[in-house]
Amino acid sequence: MIELEPLLRGRFGRPLRSVEETESTQSLLGPEDPEGAVAVADHQTAGRGRLGRRWQAPPGTAITASILLRPPAGSPIQQLSLVGGLAVAETVENALDLAAQLKWPNDVMVDRRKVAGLLAEAHDGIVVLGVGLNVNQTRDELPPDARVPAASLRTVDGEVRDLAPLLADVLARLELHYDAWVARGLDAVFDGIGSRDFLRGRRLRTDGREGVGAGLDRAGRLLVDGHPVESGEVELVEG
Ligand code: BTN
């Protein structure tokens, strides 16, 4: 099981629920837990992705963790996938020494492939933010038919890595960006997110509209030819 405690740098990660196997780490945290509580598993038997999809990885190959957040009432919590995505993107960049991008609203990309996904689920006044980061999967262990082609840090540079230091790094960066977001809103993290926008300038289809990604607005909505899109599925239109 992942040994995280000695590596923690802040308040996120305490208390820690580290298990060998569970259906989904998203279900291991609840309203009785304090902000910063983390659940992590070596293996999920029913990992969840956005829009009812599944998230799968062989045991011990990926970071599968959830963090409990208590944003102030009325906060635009759909922005938390971007805030979390920024933290994960920075960790990935630091590990690979390569640029990572954020594919609105919840994917982290390297070389046009998805290395991580974020899932923000809100209930009972809390948000459970899930992070799935592909670390040590071989090419054969990644889903072959994923909607967005997948990669792991290992398929990018060939290295096998310890999961715990990467997760500790994600948690420290998330705490920093989350605290800034609570204090000052999306503006506090906008430059980091906007400068990593994977969709900017790409032809895409979303929300029944086809056009070119024109960045994000200050509310974190995707702009397609100037029209803001609140949420949903983005499909790249190649060619
Ligand atoms: C997505 O790409 O659609 C989001 C994937 C989120 C996966 C993580 S793994 C840890 C946490 N537990 C889950 O069941 N899902 C999230």
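Me: Where is Pro15 placed?

Reply: Pro15 sits in the segment before strand S1 (16-22). A strand is a DSSP run of E with at least two residues, numbered from the N terminus. This is a predicted model: local features need pLDDT of at least 70, side-chain atom pairs need 80 or more, and totals for chains, interfaces and linings use all residues. Residues are numbered from 1 along each chain as its sequence is written, and side-chain values use heavy atoms, without hydrogens or water.

Me: Which peptide bond is cis, with omega near -5°?

Reply: Start with the general idea. Most peptide bonds are trans, and most residues other than glycine have a negative phi. Here the bond from Arg14 to Pro15 is cis, with omega near -5°. The bond from Trp104 to Pro105 is also cis, with omega near 0°. Look for Pro105 in the loop between strand S4 (101-103) and strand S5 (107-110).

Me: What is the phi of Leu51?

Reply: Leu51 has phi near 55°. That is a positive value in a residue other than glycine. Find Leu51 in the loop between S2 and S3.

Me: How many salt bridges does a search of the whole structure find?

Reply: Side chains of opposite charge can pair when their charged atoms come close. The search finds 20 salt bridges (a side-chain nitrogen of Lys or Arg within 4 Å of a carboxyl oxygen of Asp or Glu). One of them joins Arg48 to Glu121, with the closest N and O atoms 3.0 Å apart. Arg48 lies in the loop between strand S2 (38-44) and S3, and Glu121 lies in strand S6, so the pair ties together parts 73 residues apart in sequence.

Me: Which residues come nearest to the ligand?

Reply: There are 20 residues around the ligand (a heavy atom within 4 Å of it). Ser24, Gln44, Arg48, Arg50 and Lys114 come nearest. Now check for N or O pairs within 3.5 Å. A side-chain N or O atom of Ser24 is 2.7 Å from a ligand oxygen. A polar side-chain atom of Gln44 is 2.8 Å from a ligand nitrogen. Arg50 uses a backbone N or O atom, 2.7 Å from a ligand oxygen.

Me: How much of the ligand does the protein bury?

Reply: The protein buries 97% of the 410 Å² that the ligand exposes when taken alone (Shrake-Rupley method, 1.4 Å probe).

Me: Which elements give two or more residues to the shell around the ligand?

Reply: They are strand S3 (62-69), strand S6 (113-123) and strand S7 (126-134). S6 gives the largest share, 4 residues.

Methods. A polar contact is a pair of N or O atoms within 3.5 Å; within protein, one must be able to donate a hydrogen and the other to accept it, and residues adjacent in sequence count only if both atoms are side-chain atoms.
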